[in-house]
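Please look over the model below before reading my notes. The points go from the overall fold to single residues.

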Amino acid sequence: MKTAKDYSQAKTLIYKPENKHCPHCGSKLKRSHTAWRKHIITLRGTLLVTSYAYRCPNASCPEPGALYRSTEAEALSLKYYQYGLDVVAKVGHLRFREYRTIRKARRILRDRHARANPHNIFLIYKNSKRAKNSYYFHSSRFPILFIVHTIGG
Ligand SMILES: [Zn+2]
């Protein structure tokens with residue numbers, strides 16, 4: 001049975017660019033529009049994240065059309081992904097280090113308040129496949145490096 005997703009407990013987070021000034025002319029950046037807003041399921045609960053895009057208001061700036069966003073917000077999840085990178089790393093760890101089944105991975109995630117249906121876990125498994133034989137997988141810092149590898153891959 002398909003159940004409706006409950007986002008009522010989602011914690012709201014708003015992100016602005018880390019740099020407050022234009023890197024080209026030094027003017028103070030101004031808010032332009034909402035770059036994106038989405039729910040992200042993490043091991044610490046569900047977040048409602050809004051990322052604002054800023055632009056330089058200086059008409060004579062050498063890069064007047066450039067948009068600036070928070071790199072921290074971008075690092076929370078992969079593009080088009082609803083799961084936080086911590087969930088992706090956890091699933092990769094459960095699969096490759098602990099050889100868990102999808103069903104077991106689902107139960108472990110649910111215990112950590114990160115609900116995921118079996119199909120989504122399967123997709124994460126599939127997407128984490130290329131990390132399996134990588135140098136990073138064999139590192140003791142696998143979960144962190146797995147994230148780096150996934151972003152960089
Ligand atoms: Zn500027």
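What percentage of the 153 residues of the protein count as buried? The figure is 26%. Here buried means that 20 or more other C-beta atoms lie within 10 Å of the residue's own, exposed means 12 or fewer, and partly exposed is in between, with C-beta atoms placed from the backbone.

1. Basis. This is a predicted model: local features need pLDDT of at least 70, side-chain atom pairs count only at pLDDT 80 or more, and totals for chains, interfaces and linings use all residues. Residues are numbered from 1 along each chain as its sequence is written.

2. Layout. The protein has five helices and four strands. Helices (H or I, at least four residues) and strands (E, at least two) are DSSP runs, numbered from the N terminus. From that end, the order is β-β-β-β-α-α-α-α-α. Take the contacts in the protein with a separation of 6 or more: 60% of them join residues 24 or more positions apart. Two residues are in contact if their C-beta atoms, placed from the backbone, lie within 7 Å.

3. A nonpolar core is a set of buried Ala, Val, Leu, Ile, Met, Phe, Trp, Tyr and Cys residues joined through C-beta atoms within 7 Å. The largest one holds 14 residues, and L76, V87, V88 and V91 touch the most other members. Strand 2 (30–42), helix 2 (85–96) and helix 3 (102–111) each supply at least two residues of this core. Helix 2 gives the most, with six residues. Domain 1 (11–74) and domain 2 (85–152) both give residues to this core, so it lies between them. The domain bounds come from an automatic or database domain assignment.

4. Leaving aside neighbours within four places in sequence, L76 is in contact with I40, V49, G84 and L85. Another core lies apart from the largest one. This other core has five residues, among them L29, Y54, C56 and Y68. In soluble globular proteins, nonpolar side chains tend to be buried together.

5. Helix pair. The axes of helix 2 and helix 3 come within 10 Å and cross at roughly 140 degrees. Axes are lines fitted to C-alpha atoms, for helices over the stretch in contact, and angles run from 0 to 180 degrees between N-to-C directions. On the helix 2 side, V87, K90, V91 and L94 meet A105, I108 and L109 of helix 3.

6. Y99. This residue is found in the loop between helix 2 and helix 3. Phi of Y99 is near 55 degrees, a positive value in a residue other than glycine. Y99 counts as exposed because it has 8 C-beta neighbours inside 10 Å.

7. T50. Strand 3 (residues 45–55) contains T50. T50 has 17 C-beta neighbours inside 10 Å, so it counts as partly exposed. Not counting residues up to four places away in sequence, T50 touches I14, Y15, T34 and R37. The C-alpha atoms of T50 and L13 are separated by 6.3 Å, and these residues are 37 apart along the chain.

8. H39. Strand 2 contains H39. With 13 C-beta neighbours inside 10 Å, H39 counts as partly exposed. Its contacts, not counting residues up to four places away in sequence, are Y7, A10, T46, L47, L48 and Q82.
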